[in-house]
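Subject: Structure handover

Hello,

Here is the structure for your modelling work. My notes follow below it.

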Amino acid sequence: MIQTSIKKRRGRPPLSTSAKIRAIFKVCPIPPTHFQDFANTFDPQKLYPELWAKRTIVKKKKYAPNDKFGIHEEIKGTIEQVQTKGQLHENATTIVATTTTTTPAPVRLKLIVRDGNESNNLPVKPPRKKKPNPLDQKEECYLLHKLQYSSKPLSPKAARLKRKLYLRRLKKENGLKIFDIDAIVTEHMRSSLPLEPLTSDEEEEPLRELITETSIHDQAEEKTNYKQETEITYTPYKNSFASRLYGIPRLATTLTAEEAWTSPFNSRKLKPYIRRDYETIPQKLRLLWDIIRYPHRNDPNWLPPPASPIDFCYFQKEHLDQVNDLLQKCFWPGIDVSENLLFPDFSIVAMYKRLVIGCGFMTPQAYITYIAVAPGWEKSGIGQFMVYHLIQTNIGKDVTLHVSANNPAMILYQKFGFKPEEFIVNFYDKYLPDGSLECKNAFFVRLRR
């Protein structure tokens with residue numbers, strides 16, 4: 001018989017009621033055709049009244065030597081009678097009934113259907129919803145830059161998010177306080193002051209003050225606008241329709257921003273120019289000056305136009321097409337550096353007027369990806385200054401790069417202290433097109449700080 005005593009036994013833990021019922025159903029499984037009926041109508045008092053009555057009447061007995069679960073011969077005979085009533089199945093799913101109480105009163109039973117796999121026996125808990133983490137300043141700048149330069153039209157929700165992020169950035173730049181609804185709500189909920197409904201006079205009073213203030217402000221604004229309109233005698237060129245047709249005169253000789261702009265990577269101000277070089281005269285620039293002077297070689301009164309400098313500036317979207325063309329001519333086809341617009345702090349572009357003559361790019365992890373100078377503009381210090389600028393942007397980190405085995409730029413890197421650490425065979429094999437005669441082996445060099 002099943003032992004129902006709750007008293008502790010020496011030498012072994014007490015056998016729970018759920019373990020006893022589990023042992024019974026392992027001996028007497030139920031056919032799979034009766035799963036649903038069993039789950040809905042399982043009541044041990046009605047189905048097995050004799051077994052239920054004996055479990056409370058039988059006195060405490062010792063376990064038999066080979067009786068692991070405390071099942072005696074009388075109960076085994078009852079189980080055999082029950083077993084003959086139902087049809088057994090070889091692959092029948094085991095059904096385990098566990099109890100929530102151990103009292104002899106009517107017990108509620110919880111049905112767990114198991115398919116034999118131990119991994120599926122445990123109840124599956126629904127996944128917890130993760131708490132939203134607030135964005136830091138870099139993530140906000142990255143998301144705003146991604147929304148501003150999105151190739152697809154923005155949805156209304158995305159456009160609203162873009163306006164909010166832009167407003168937050170403006171407030172941070174001007175030192176204004178940013179509205180935080182969570183802080184206001186928590187402060188209001190923690191206050192001990194009771195909530196009281198506003199009267200009709202209190203509701204209308206701030207509205208009257210707002211109307212009077214806005215009316216006074218509108219009148220003053222109208223007066224100032226009228227004075228400004230009467231004083232205007234001409235339209236500035238940058239605000240005229242002609243500027244939209246012919247462009248801004250400043251952009252005839254340069255291709256960079258007029259004022260300092262904010263980096264989307266770390267929100268620091270980037271100046272329009274890194275350096276303006278009036279002294280360097282590359283070979284191609286000297287040839288251009290000779291072409292300009294040649295028609296006026298016999299005119300003693302002719303004066304040459306003012307010389308334009310070589311400008312070094314940060315990478316901007318206006319440079320993208322020319323930079324991609326330059327890198328594809330110097331290295332291999334299919335190069336696109338639009339990703340570097342996300343961190344322009346680690347880039348440099350050399351220009352003569354509106355022509356890109358050189359560029360250099362590095363990742364925030366201090367790995368130099370590309371450095372190139374257009375043919376005819378090399379051997380004049382342009383590449384040397386670009387390498388120097390990229391090294392200075394990451395002070396304190398080891399600067400690394402890969403260089404082709406037969407590239408003469410290896411001499412330039414050695415001047416700055418780069419030392420080869422590894423020789424990689426066929427490093428450029430996956431980049432160069434088939435049939436290319438360029439060297440595919442590379443050196444991995446490092447500048448240790």
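Start with S347, which is found in strand β7. Strands and helices here are DSSP runs, numbered from the N terminus: H or I over at least four residues for helices, E over at least two for strands. S347 counts as buried, because its relative accessibility is 0%. The burial classes use a 1.4 Å probe and protein chains only: buried is under 20% relative accessible area, exposed is over 50%, and partly exposed is in between.

Before the rest, the ground rules. This is a predicted model, so to speak of local features requires pLDDT of at least 70 and side-chain atom pairs count only at pLDDT 80 or more, while totals for chains, interfaces and linings use all residues. Residues are numbered from 1 along each chain as its sequence is written, and side-chain values use heavy atoms, with hydrogens and water left out.

S347 and F361 are 14 residues apart in sequence, yet their C-alpha atoms are 4.5 Å apart in space. F361 lies in strand β8. F361 is buried too, with a relative accessible area of 0%. From F361 to D345, 16 residues apart along the chain, the C-alpha separation is 9.4 Å.

Strand β7 covers residues 347-352 and pairs with β8 in the antiparallel sense, over six bridges. Pairing means that DSSP finds at least two bridges between two strands. I348 has G360 in β8 as its bridge partner. Two residues sit between the strands in the hairpin of β7 and β8, where K353 takes a positive phi near 60°.

On to the next pair. β8 and β9 run antiparallel and are joined by five bridges. C359 has A372 in β9 as its bridge partner. M362 stands opposite I368 in β9. The hairpin of β8 and β9 has five residues between the strands, and A366 there takes a positive phi near 70°.

How many of the eight residues of β8 are buried? Seven are, so the strand (residues 355-362) is largely enclosed by the rest of the structure.

**Cysteines**

A disulfide is a covalent bond between the sulfur atoms of two cysteines. The criterion used here is a pair of cysteine sulfur atoms within 2.5 Å. The structure holds zero disulfides. C359 is in none, and its nearest cysteine sulfur, that of C330, is 7.6 Å away. C359 is buried, with a relative accessible area of 0%. C313 also counts as buried, at 0% relative accessibility.

**The largest pocket**

The largest pocket has a volume of about 1200 Å³. The search runs on a 1 Å grid over the protein atoms alone, and a pocket is an open set of points with protein on both sides within 12 Å along at least five of seven lines. A cavity, by contrast, is a set where a 1.4 Å probe fits but cannot get out. Grid points are joined across faces, edges and corners, and the volume is the space filled by probe spheres set on the points.

The lining of the largest pocket has 37 residues, and F331, I371, N407, A409 and Y413 lie nearest the centre. A lining residue has an atom within 4 Å of a point. By type, the lining divides into 24 nonpolar, nine polar and four charged residues. Ala, Val, Leu, Ile, Met, Phe, Trp, Tyr, Cys and Pro count as nonpolar; Asp, Glu, Lys and Arg as charged; the others, Gly among them, as polar.

Which elements supply at least two lining residues each? They are β9 (368-373), α13 (382-393), β10 (399-404) and α14 (409-415). The largest share, six residues, comes from β9.

The pocket lies between domain 1 (254-294 + 308-394) and domain 2 (398-448), because both give residues to its lining. Those bounds come from an automatic or database domain assignment.

**Two loop residues**

K379 is not a glycine, but has a positive phi of about 60°. K379 sits in the loop between β9 and α13. K379 is exposed, with a relative accessible area of 86%.

N426, also a residue other than glycine, has a positive phi near 60°. N426 is found in the loop between β11 (419-424) and β12 (442-447). N426 is partly exposed, at 44% relative accessible area.

Best regards
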